[in-house]
Amino acid sequence: MPALDRHLLHRFGLLLVILAVGLGLSFVTDTFLSVANLTNVARQVSINGILAVGVTFVLLTAGVDLSLGSVVALSGVACATFAHPGDHTVFIPIAVGLLTGAACGLVNGVLVTRGGVAPFIVTLGMMTIARGLALIFSGGRPVANMSSELTSLAGDFLGVPIPVLCFASVATGAWFFLRNFRLGRHIYAVGGNENAARAAGVPVERVKLFAYGLCGLLTGLAGVVLAARITTGQPNAGQAYELDAIAAVVIGGTSLAGGVGTITGTLLGVLLIGEINNGLDLMGVSSYFQAVIKGVIIVGAVWLDRRQSRS
Amino acid sequence: MLQALELSKDFGGLTVLQPTSVDFLPGEVHALMGENGAGKSTLMKVLAGLYRPDGGHVEWRGVQADFASPHDALVAGIAMIHQELMPIPDLTVAENITLGAEPCGRFWQINRPAQRQRALELLKELEANIEPDRLMRTLTVAQTQVVEIAKALGRRADVILMDEPTAALSEQEVAALFRSIARLKARGVTIVYTTHKMDEVFKLADRISVLRDGRLVGTSPASELNPAKLIQLMVGRELADIFPVRLPPTDEVLLEVSNLTREPAYRDISFRLHRGEVVALAGLMGAGRTEVVSAIYGLQPATSGEIRFKGRPLSLRDPQDALAAGIGMVTEDRKGLGLIPALGLGQNVTLTALREFCRGQMIDHKAEAVAIRSRVAEFTIKATSPSQPIAQLSGGNQQKALLARCLLGDPDLIILDEPTRGIDIGAKAEIYSAIQGLARSGKAVLLVSSELPEALSLAHRIVVLRRGSVAATLDAATADQETVLRHAMPL
Amino acid sequence: MRLTPRPVAGALLAACSLVALMTAFSGCKKTEARKPGEVLIGFSSRDLSAEYTAKLSEAVVEYAKTKPGVGLVMVDAQSDAQKQISQIENFISLKVDVIILNPCELEASTPAVDRAKAAGIPIVLVNQVTKSAGNAYIGSNDVDAGHIAMEAVAKKLGGKGGVLMIHGIMGTSAQLQRETGAREVFAKYPGLKLVDHQTASWDRAKAMSLTENWIQAHKGKFQAIFAHNDEMAMGALLALERAGIKKDVYVIGIDAIAQALTAVKEGRLDATVFQDAVGQGKGSVDAALLLARKQPCPKENLIPFQLVTPENITPFLK
């Protein structure tokens, strides 16, 4: 079963890279391999992870979403605005944050499907529009004074950080969805060959709209989690988050041309990026070198991986 | 001159080419014959540097040649025309023909007039009337094929490998191609050729090599073979008449098309289709056949006219409407409008009728797997596993998978646009019997076919299109090829 | 391509509505004819999404409103020096009388100053200097800020212990000068060790992640964190609180933004360094008006920093 073997090899290869980097780090630093630090890594990757899962859906349809970072900021600001102590129950700000994200995603989706504008352009526009709206709604200032109920979302539940739980359930849900739902199969079909999918009776427009909408909703969730974590809605938060998220997804083996990719791959990609960020801080590598090393590892991981799957 | 020595090739554990040795002589037309999956295309692709052999090697002018890429082979003088066309849709015909060998001026700038001139010459050699400034994407499949051939001719290659070059060509285009092949042969060029059309082989080939299941059965001069003997070598058994018996259709009208129009492709198209009936749309390339059936499937809706299905008028905006009404289609453009290359064979088969294997919105994997297994067996689709990416299968197996996809939704009207193009005789016979089976079970089939014997033997009636209008409706039992052609030719 | 009347009309309509839209969102000052004798100020703010800059910019706008016969056009460079240079070029073609520039970067914003000077328009720098001097500089010496903050740390630790430093965006003058000020203090107290230092790009979320990682890497080896601004200090504070070790670590930032002041009052953040945004904003408008009216103006007006601790917080809270 060559198809299956290749997938196993693919994931195995990336897993090896992650383990090798981890092994290296646990030799170089004496703290990397501690429960506390690994919890740390999990907590720090959860926001990028939620975004990466969302954007996996869009990339699978052969689209792209560049507005993630800005929509994170906008959702965070929207959430924080409704989260002052005593204003509303905690569900209102959460819902506002999620819906803000979903609305941005749906606008992207409508413009891509009905408007026929290239996803790159649509989401590039949304990137600056959402950033602008975040600044307008917040008056350019961080929206502070959030209720402790909401900020407790960044705390622990039974010893596990809640952002990690969010990420884990989002990833599990997405994995299950893509595997077991008709719409999930349709997403692969649309990304693999849009015209053939249409000819086979797949509702292409609806599928794409769903992918962008879901990506927006998850971006909203990331915005809420980030706001809870830094206890403010920051209009300038989330700069370049989309790049980290897309990098993670591509490292995980998802094709930018669409139709190929898995959530497990995305999960591994997110872990690798998080591991590198954490490791470089632990080792006290200077800021200048960090940027270079990160870039080299990202390109190198993808290169190794592609080389392996070709042979 | 060119020799394959003990060449072998594996794909993911499946040996598609056993160690095979063939030699090709200068100035000969050498036909490679065999069913789909017999290893013809693989052998050609190894010769052209597209695949690296897993065993053996290629000898070229007496030295071991190790072509790392098609470009290496091209430089050495070996060009290939692919079965799956590879044009660049947004370049012009001239740009495609001269791709990689553009005539350049002093500053490396492309010499446009020279480029155009070169393209014109090559097209003229093929007696093709294609404007060199047209965009590739505006061409029909047949014209695209001609351009691909012109491109290979332009490389002044000593060996030209042609994989199914005539699959999509009309009679005149085939004749023109044969004349250019004769000219090339006179120049000492070696032509390696695959086809599924028996008459072509005996008209053209000097020697024939037969492959079966990845093994070379033998090479012999064409004069020592006849069609029956050749088929026997290819399939390893004798084939009875491959066209099954037709039963008379019912009186119940299933589809009624009136005055269907979409200028400039076709106008005022009217015909009926009864349950139990097979109707073929015949006509030359560009007569509007594909466009008409695309309208009935909602792929490219007509601008006026009426389609009545099961007695009710049907408004078709996209294929979903057609499928919901009970109309299924296998498109002509397998690569562009058929396959989802990255999905497995099984998932391609169940794509259209996925709802049948769902509980609510969720896929019932067990039910799906059962359905896939039974369809793969029913249509004898050869694959290592149902999860094998469909892009790795041979053309005939891909076509059978797409037919299986279409039939899984149990449509009442099945539209088949060139269903046997580029597939071997065994697979053809299976598709023919599937078509008759459908008609017998009270469904109706609308067939588009460029092979007249096929259309005449399968269909009850033939609707001949000429330049977008219905020229005649003929009873297949009494019509012959000549009559059909007379109606199809522009006056 | 042939142009038929319909697309031309469509394009014109689109262009008109675009202009109308832009006018609706602009302050309208630009489009009105300038009254004779009115002084028009062009103000390019570094980044309105940063709280300190927003406060400073608001002070500039509000204060200019109180002056009769003064018009002000404000633009936001969004931390992009390239954008800022084009904004200054736009001011020059608008023929403003004087420019107030809140530079993005020490080096990269320098051409903006040179352009204005070449066009003969006086330019006031506020809060940050560039390589070329403006006609006046209103600001505070960031070296002092770093010095004041590290002195507070040294005093708290008794001149002995481990310190972590979180940089702003590397290469900005605030980052460079605040680091210089801090390093002066390290030189003075040999017992003070710089355990690790790293950038968090003025960003709260990044500073929080960085501090979490440091808690793992250097647990027990540091007693203070100095962040180059309050945003990052707040991030560090949150990380320490979550880890439950805030009581062991002294945290200080710079800028005295509202949230930081509240945190100091609540006893969560140990201290911040007050930079007088309103004072700087007002000072820059005063200087700009003097220059526009060709009156003598001091080259430099330094507004001092002040250390804010729970003991002296009240007057800063307003």
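Domain bounds here come from an automatic or database domain assignment. For chain B, that assignment gives domain 1 (2–235) and domain 2 (253–488). The model is predicted.

**Inside chain B**

The centres of domain 1 of chain B and domain 2 of chain B, taken over C-alpha atoms, are 29 Å apart. Where do the two domains meet? Contacts link 20 residues of domain 1 of chain B with 20 residues of domain 2 of chain B. On the side of domain 1 of chain B that touches domain 2 of chain B, two elements give two or more residues: α5 (141–154) and α8 (227–235) of chain B. α8(B) gives the most to this side, with three residues.

**Between chains C and A**

The contact between these chains draws 22 residues from chain C and 26 residues from chain A. On the side of chain C that touches chain A, the elements giving two or more residues are α2 (51–65), β7 (192–199), α7 (204–217) and α8 (230–243) of chain C. The largest share of that side comes from α7(C), with 10 residues.

**Make-up by class**

Which element leads on each side? On the side of chain C that touches chain A, α7(C) gives the largest share. On the side of domain 1 of chain B that touches domain 2 of chain B, α8(B) gives the most.

Technical notes
Residues are numbered from 1 along each chain as its sequence is written. Chains are lettered from A and ligands numbered from 1 in the order in which they are written. This is a predicted model: local features need pLDDT of at least 70, side-chain atom pairs count only at pLDDT 80 or more; totals for chains, interfaces and linings use all residues. Two residues are in contact if their C-beta atoms, placed from the backbone, lie within 7 Å. Helices (H or I, at least four residues) and strands (E, at least two) are DSSP runs, numbered from the N terminus.
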